[in-house]
Amino acid sequence: MARIVPRTKSATVNPLKSSQPLGAALAFLGVAGAMPLFHGSQGCTSFALVRLVQHFAETVPLQTTAMDEVATILGGADQLEEAILNLTTRANPKLIGVCTTALVESRGEDLAGDIARIKAEHDEELARTMVVMANTPDFHGAIEDGWAAAVAAMIEVITQSDRQARDTRKIAILPGWNLTVADIEHLHDTVESFGLEAVILPDVSGALDGTVPDDWIPTTYGGTAVDDIRKLGTAIKCVAIGEHMRHPAEVLQNLTGVPYVLFHSLTGLKAADQFISLLSALSGVAVPAKLRRRRAQLQDTLLDAHFHFNGKKIAIAAEPDQLYQLATFFVGMGSEIAAAVATTDTSQILEKVPAEMVQVGDLGDLESLAAGADLLVTHSHGRQAAERLGIPLMRVGFPIFDRLGSQHKLTILYHGARDLILEAANIFQANQQPPTPERLDLIRNREMKDDLHSSPLARL
Amino acid sequence: MSSLSAKILNLFSEPACERNRGKDAKARKKGCSKPQTPGVAAGGCAFDGAKIVLQPITDVAHLVHAPLACEGNSWDNRGAASSGPTLWRTSFTTDLTELDVVMGHGERKLMKAIRQIKDAHSPQAIFVYTTCVTALIGDDIEAVCERAAEQFGLPVVPINAPGFAGSKNLGNKLAGKALLDHVIGTVEPDETSPYDINILGEFNLSGEFWLVKPLLDRLGIRVRACISGDARYRDVASAHRAQAAMIVCSKAFINLARKMEERWDIPFFEGSFYGITDTSEALRQIAGLLVRKGADPEILGRTEALIAEEESLAWKKIQAFRPKLEGKRVLLNTGGVKSWSVVHALLEIGLEIVGTSVKKSTLEDKERIKQILKDEHHIFESMAPHVLYATLSEHKADIMLSGSRTQFIALKAKIPWLDINQERHHPYAGYDGMVELVRQISLAIHNPIWREVREPAPWDSQTGAEEESPSTKCETATVHALNKCAGMKPNGFAER
């Protein structure tokens, strides 16, 4: 069990976190015809927007209530009302996802009351638009908290609570934010190969998958249909992926009685086996030959690539569930976790991370803990630390703004594990340090701490 | 060209070779080059053998006179390391075309190639390698080299070892002969000392000689020429002024060592830097030979002190792995890091040797291995792939140490494997190298993927499902089992 070391510094140095509302916006972006709306000042939105656009290389619909000085003093309800009505007129969205920010939450406004009042007063204008609000103050949590809050809010507001007839071919999947567009597409395909249908909420594969729509659409152009969210209660089973999805899954269970199973990670042979077995059991269909083949391919990749991971020291900084996902992945390949830094201490999963300790902190912490590691694993902002430490960087999570296509990388089930293994192994290979007489002169180096790098002799 | 067969015959009459001495006159005349059997042959050709032992000379341009395949399909594939020049890694070939061959343009093209390399790269020397096609069409490479050397004022050395001449091993020997005929003794060193030695047959793979050199430095012993790991042309050319020599890979350069002893009175011994006892023995022998040649005998005492210190340190480090490795079974299947002293070190920490190949071992090695293992059944010449696969599949070993040729037999049998041949990426020489070898064995055996890959798919093994703990039973569930665990706490899947 990992020891969790809370943040003690006053100054965060090179932040690791992205804020909660950004995570909520990301979740709303996985719904068809959605328009996330930040209730805060303009900057809250524009900073998040720039990050999202850089990461996905897509236009991202994201609006703001543009709280000004007067609204900040007198209250933002009017701004919120105006924003919702304007959006409805201009973009005709199926869903407006309100993400609160630190500004309005600090004011302590009765936001739920505001929303209820706006809905009641404008039921005609809002007849075809759902308004869902997630409480996501920036001063608490990070991306995964915001994402989970938005999903839970959508279920609470949209999903019909009356017990309905179950559709035995339908399952609900609540993926964590750390699953990529490619992962979600892969989940659809895999579930379908058992003759089942998956309603995935949120489904970023429809909206942030980098296609070119024929028309200009002001909202998201794909994702989970609002109507499917409404009927989530007809699924026979709910699969939640990541500890942060436990709460939304419980909300769904309490509301509709749909039982859930929770996977902490779908990356790796064993996790994939469990998921595939579940699908096979739910559908009564034998595991298709194609999946068996993929399993064997992963086995072969494990065999071919494990040499590169043996004894390597890995430094990871990520959101809690992703930290767990990647740490277990690397440890499973024979590496050890030299440093584990998490964004927040809000998750139960942290103590399960296979590291001696998990530091809640920033990239500055990563940089000071990672000296001597063989690989840094974090988002693009880790590049400065990587440069200073002379350690290669594997980019994961959000934001990834200096590499293209991060949303198209597969990270789950057999093929995702295979791809991750190959990516990391190739980084190791690309960064082999050629031997030099100085590095191998162990007599000279004996005074120096010789357990800094994985081995003074290891080149792989 | 007519001299090639004579050269080869001459190479095989090797009085310093114990194998050769053991043969009768007729067998000796036949030489030790076993003709390769078409259809079941494996291993490199003579060109390959010559190239791999000479290429680590770092400031030389190595020019392969051939159609593309000889160089194009083989370059940049060796793990030797250089502490300076990188020219040796640049690939040069005349890349002969059909027209060149038909029209006999080979020699002219070669001359032009030499000029081009000299102009663009200013190498210390150029080595020109003959190959099957250029030997066949009768290009007079020696003449071209002589002419080029005159014209450009730089050593241009013909390496006459076309692939068809024989095995890789023969190529090693032909390369040694080329050094003897054209390089060694052509340059006089600026200064000499009674502590100068040559190391022959050490290629500095993964830089592993740098694990050994600091030991020699500590004793005040200077490596005049290491042939050919991290070597410079000048050092090789002045190698005749060393006081003593050690042959590391005895098969490659034994002729060279003996001829150098004849010609320049440089005594030599065969030794190895693999294994703790072997490393100590090598240091002892070097010191002994130097003293024999007139060095101050006080070096013997210093050598013993260094050995004692390093050995105890290395054993201490290795013992740390004992709890992890005791009782693990090793299959050694290699001609590479093979000597009995490795076997000795592995046994010392409680590993069990369930088999060892002695295909490339000397008679003496075989004797020693027999004595250590006390069981002849564990010694084999070589194993057919399907036998090897079966042996490994039945889990008769916990790890196989071998070269990359049998890598995938082990991996497909889901057995840990460690590369201990020339393509390896970890240095294993000297005291610290042995510690590293043990560390790598431990890492390989204990990698968590083994348990994972050996596990059958849950849907293929119902018995496996029953053995699982209740909280994870639904992982491998059938519909029935799933219904049974549907009432269980929902995070059944999350607990692993």
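**Close-up views of a predicted two-chain model**

**View 1. Helices α14 and α15 of chain B in contact.** On the α14(B) side, I276(B), S280(B), L283(B), R284(B), A287(B), L290(B) and V291(B) make the contact; on the α15(B) side, I299(B), L300(B), T303(B), I307(B), E311(B) and A314(B) meet them. The contact divides by class into 9 nonpolar, 2 polar and 2 charged residues. The model is predicted. Helix α14 covers residues 276-292 of chain B, and helix α15 covers residues 298-319. Their axes come within 10 Å and cross at roughly 170°. Angles over 145 degrees count as roughly antiparallel, so α14(B) is roughly antiparallel to α15(B).

**View 2. The open four-stranded sheet of chain B.** The strand order is β6-β5-β7-β8 (chain B), and the pairing is parallel. At the edges stand β6 (222-228) and β8 (268-270) of chain B. Each has a single partner strand, so one side of each has no neighbour in the sheet. On average, neighbouring strands of this sheet are turned by 20° against each other, direction ignored. Strand β5 (residues 196-202) of chain B pairs with β6(B) in the parallel sense, over 6 bridges. Opposite N198(B) stands A225(B) in β6(B). Helix α14(B) packs on the sheet and touches β5, β7 (244-247) and β8 of chain B. The direction of α14(B) makes about 155° with that of β7(B).

**View 3. A positive phi at D95 of chain B.** Most residues other than glycine have a negative phi. D95(B) has a positive value, with phi near 50°. D95(B) sits in the loop between β2 (92-93) and α6 (98-103) of chain B.

**View 4. The open six-stranded sheet of chain A.** Its order is β1-β12-β11-β10-β13-β14 (chain A), with parallel pairing. The edge strands, β1 (3-5) and β14 (393-395) of chain A, each pair on one side only. Neighbouring strands here are turned by 20° against each other on average, direction ignored. Over 3 bridges, β1(A) pairs in the parallel sense with strand β12 (residues 357-360) of chain A. Helix α13 (residues 320-332) of chain A lies across β10 (313-318), β11 (336-342) and β13 (375-378) of chain A. Helix α13 of chain A runs at about 175° to β11(A).

**View 5. Helices α11 and α16 of chain A.** Helix α11 (residues 269-283) of chain A packs against helix α16 (residues 413-430) of chain A at an angle of about 165°. The axes are 8 Å apart. The two helices, α11(A) and α16(A), are therefore roughly antiparallel. The crossing of α11(A) past α16(A) is right-handed. L269(A), A272(A) and F275(A) of α11(A) make the contact with L413(A), Y414(A) and A417(A) of α16(A). The residues of this contact are 6 nonpolar, no polar and no charged.

**View 6. Helices α1 and α2 of chain A.** Helix α1 (residues 20-28) and helix α2 (residues 42-56) of chain A pack at an angle of about 60°, with axes 10 Å apart. That angle makes α1(A) oblique to α2(A). The crossing of α1(A) past α2(A) is right-handed. P21(A), L22(A) and A25(A) in α1(A) meet C44(A), A48(A) and R51(A) in α2(A). By class, the contact has 5 nonpolar, no polar and 1 charged residues.

**View 7. Two cis peptide bonds in chain A.** Most peptide bonds are trans. L201(A) and P202(A) are joined by a cis bond, with omega about -10°. P202(A) lies in the loop between β7 (197-200) and α9 (226-230) of chain A. Another cis bond joins F398(A) and P399(A), with omega about 0°. P399(A) belongs to the loop between β14 and α16 of chain A.

**View 8. Domains 1 and 2 of chain A.** The domain assignment of chain A gives domain 1 (3-10 + 293-430), domain 2 (20-158) and domain 3 (167-291). The centres of domain 1 and domain 2 of chain A, taken over C-alpha atoms, are separated by 32 Å. In the contact between them, 13 residues of domain 1 of chain A touch 10 residues of domain 2 of chain A. The domain 1 side has 6 nonpolar, 5 polar and 2 charged residues.

Conventions
Residues are numbered from 1 along each chain as its sequence is written. Chains are lettered from A and ligands numbered from 1 in the order in which they are written. This is a predicted model: local features need pLDDT of at least 70, side-chain atom pairs count only at pLDDT 80 or more; totals for chains, interfaces and linings use all residues. Two strands pair if DSSP finds at least two bridges between them. Axes are lines fitted to C-alpha atoms, for helices over the stretch in contact, and angles run from 0 to 180 degrees between N-to-C directions. Two residues are in contact if their C-beta atoms, placed from the backbone, lie within 7 Å. Angles under 35 degrees count as roughly parallel, over 145 as roughly antiparallel, 65 to 115 as roughly perpendicular and the rest as oblique. A crossing is left-handed if the near helix is turned anticlockwise from the far one by less than a right angle, and right-handed if clockwise. Ala, Val, Leu, Ile, Met, Phe, Trp, Tyr, Cys and Pro count as nonpolar, Asp, Glu, Lys and Arg as charged, and the others, Gly among them, as polar. Domain bounds come from an automatic or database domain assignment.
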